[in-house]
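This briefing goes through selected local features of one structure, grouped by topic. Please look at the sequence and the model before reading on.

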Amino acid sequence: MGPLPTGPRWLLRAIAARRHVLRGYAAGPGDAIKAVRVRFAPSPTGFLHLGGLRTALYNYIFAKQQRGSFILRLEDTDQSRLVPGAAEAIEDMLEWAGIPPDESPRQGGPHGPYQQSQRLQLYQEAANSLLKSGHVYHCFCTPQRLELLKREALRSRQTPRYDNRCRHLTPSQVQEKLAQGLPYATRFRLEEGVEPFQDLVFGWTKHEVAVVEGDPVILKGDGFPTYHLANVVDDHTMGISHVLRGTEWLVSTSKHLLLYKAFDWQPPEYAHLPLLLNKDGSKLSKRQGDIFLEHFVKSCYLPEALIDIITNSGSGFTENQMGRTLEKLIHQFDVNRIMSHSALLDLEKLPEFNRIHLSRRIANPSLRLELCSVLRTEVEKAYDDRITDREVLETDYIERILLLRKGHITRLIDLVSPSYSYLWVRPSVSREQLETISMEIDKITGLVMGMLQVGSTELTTDSLNTQLKGLQGQVQTKYSETMKLLRLALSGQQAGPSVAEMLIALGPRESCRRMQRALSS
């Protein structure tokens, strides 16, 4: 690649860093190959939602494309906001979505523990090393003083910031306060002259944090770190090569790079993912109950559909089309194609995405058997006390229903809705009801039962449709009224799939039984 050009030191380092290619992440011949390692680091202060799934998904796809590792790390240092069960549920949902971590609190791994609350000693040691090098200092300011500073700034219509008062304490003053047992936090000294960094999405970026912010707390008085210290220490000790995280952390990255510089550590590469917004451009809110993954699980949506719609709503892939599998997404992913503008998510299209992926599952024999088991459970929950013929719970019957309805239903649970109740429960239809449609009910049903005789050629919807149309020359009743009569006798409903499909779904024996029952009632 030739010699490096002359110029500012930060530019020389940046150009050298860009020599690292993503695939293999090696700098050149003779250099050691550094494994690609990415992490998803949510806070278990709530359950996993679509925005979090998107961040995890991009990390997983990038790791698998680069033959690297995907790590789940739980940032649970804010103990006051932890939600019981959220930590376990986050990992459950990643596994449900088909993007399980290679290392995690549950999986374990060589860089554990993977919960920050179990790594406090590590953060304390890191803070002590920065204290020795003079990069941090003890801050004895009380919460009351900090609150007054905030109020004063807001009253003056300024952005609240710490005034760095304790930065200027002399060593003897610090020792005196420590001897008095005064509580303190540890703050990091921000320095001006931040060097730009190249974000893989937003390009060259820098934020003069020392100009607009006060020195940040990195270790609280209770011994728990803030995000700034914990994420830097953890990313370094866990060997994270690339950080793909939400764009809300872009302005903090310069601060994190100053910490890396203070530790004399090599920082990872950064890619900040744009926001995922509602269709109207509003921000996804955790107050929306329908953005949490548990909602989609309970609503019987497939993980493939969620992954498909999320990636279609954003960028980073060579193509945007419905029906892509995770394997295809991994093949198509290109981090340089991620756009910096926000992505709009139209959940009204989710049923159509789900229909495509459900049809694909039904077409796969092994996956179809899994669907049969799920559907059987749902049918039993909905209709168990009304089912008179247990044959409707047999795999052969359920499998036939799935194949007939493939491409027509958007969710598996649709087959348990009232409009499909006839598949599981015999309807109650009287002869009197049928006679309101036609007085030829005996002749019509007799002809149809003749079509369904055992031993006849294999029945298909096409062959039955042809035979049903042939009834028009044998009865006086109009074809549309004939179909209306048969549909009512078979299902007790005025609408639904074609009569031919109903006959195939129910089978010859059950179809004849239902027509005979209606005639005699």
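Ala-126 is buried, with a relative accessible area of 8%. The place of this residue is in helix 4. The structure is a predicted model.

- Ala-126 touches Val-233 and Phe-263, leaving out residues up to four places away in sequence.
- Between Ala-126 and Lys-283 there are 157 residues in sequence and 36 Å in space, taken from C-alpha to C-alpha.
- Helix 8, residues 227-237, is mostly covered, with 9 of its 11 residues buried.
- Val-233 is one of the buried residues of helix 8, and the others are Tyr-227, His-228, Leu-229, Ala-230, Asn-231, Val-232, Asp-234 and Asp-235.
- The cover over these buried residues includes helix 4 (120-133) and helix 9 (253-263), along with strand 1 (37-40), strand 7 (217-219) and strand 8 (242-246).
- Gly-239 follows helix 8 and has a positive phi, near 70 degrees.

- Strand 3, residues 136-139, is covered on both faces.
- Val-136 and His-138 are buried on one side of strand 3, and Tyr-137 and Cys-139 are buried on the other.
- Strand 3 pairs with strand 4 (residues 185-188) in the antiparallel sense, over 4 bridges.
- In this pairing, Val-136 stands opposite Phe-188 of strand 4.

- Glu-191 is found in the loop between strand 4 and strand 5 (197-199).
- Because its relative accessible area is 43%, Glu-191 counts as partly exposed.
- Apart from neighbours within four places in sequence, Glu-191 is in contact with Arg-167, Ala-210 and Leu-258.
- Of these, Ala-210 is 19 residues from Glu-191 in sequence and 5.7 Å from it in space, C-alpha to C-alpha.

**Backbone features in loops**

- Most residues other than glycine have a negative phi, and most peptide bonds are trans.
- The peptide bond from Gly-112 to Pro-113 is cis, with omega near 0 degrees.
- Pro-113 is found in the loop between helix 3 (86-96) and helix 4.
- Arg-157, a residue other than glycine, has a positive phi near 60 degrees.
- The loop between helix 5 (143-155) and helix 6 (171-179) holds Arg-157, and Asn-164 lies in the loop between helix 5 and helix 6 as well.
- Asn-164 is not a glycine either, and its phi is positive, about 60 degrees.
- Arg-157 counts as exposed, at 81% relative accessibility, whereas Asn-164 is buried, with a relative accessible area of 14%.

**Cavities**

- A search of the whole structure finds 2 cavities of 30 Å³ or more.
- The volume of the largest cavity is about 40 Å³.
- Its lining is made up of Ile-401, Leu-404, Arg-405, Tyr-420, Tyr-422, Leu-423, Pro-497, Glu-501, Met-502 and Ala-505.
- Helix 15 (395-405) and helix 20 (499-520) each supply at least two residues of this lining.
- By class, the lining of the largest cavity has 8 nonpolar and 2 charged residues, and no polar ones.
- The second largest cavity has a volume of about 30 Å³.
- Arg-386, Ile-387, Thr-388, Asp-389, Val-392, Trp-424, Val-425, Arg-426, Glu-510 and Arg-514 line the second largest cavity.
- The lining of the second largest cavity divides into 5 charged, 4 nonpolar and 1 polar residues.

Note on methods:
Residues are numbered from 1 along each chain as its sequence is written. This is a predicted model: local features need pLDDT of at least 70, side-chain atom pairs count only at pLDDT 80 or more; totals for chains, interfaces and linings use all residues. Side-chain values use heavy atoms; hydrogens and water are left out. On a 1 Å grid over the protein atoms alone, a cavity is a set of points where a 1.4 Å probe fits but cannot get out, and a pocket is an open set with protein on both sides within 12 Å along at least five of seven lines; lining residues have an atom within 4 Å of a point. Grid points are joined across faces, edges and corners, and a volume is the space filled by probe spheres set on the points. Ala, Val, Leu, Ile, Met, Phe, Trp, Tyr, Cys and Pro count as nonpolar, Asp, Glu, Lys and Arg as charged, and the others, Gly among them, as polar. Buried means under 20% relative accessible area, exposed over 50%, partly exposed in between (1.4 Å probe, protein chains only). Two strands pair if DSSP finds at least two bridges between them. Contact means heavy atoms within 4.5 Å.
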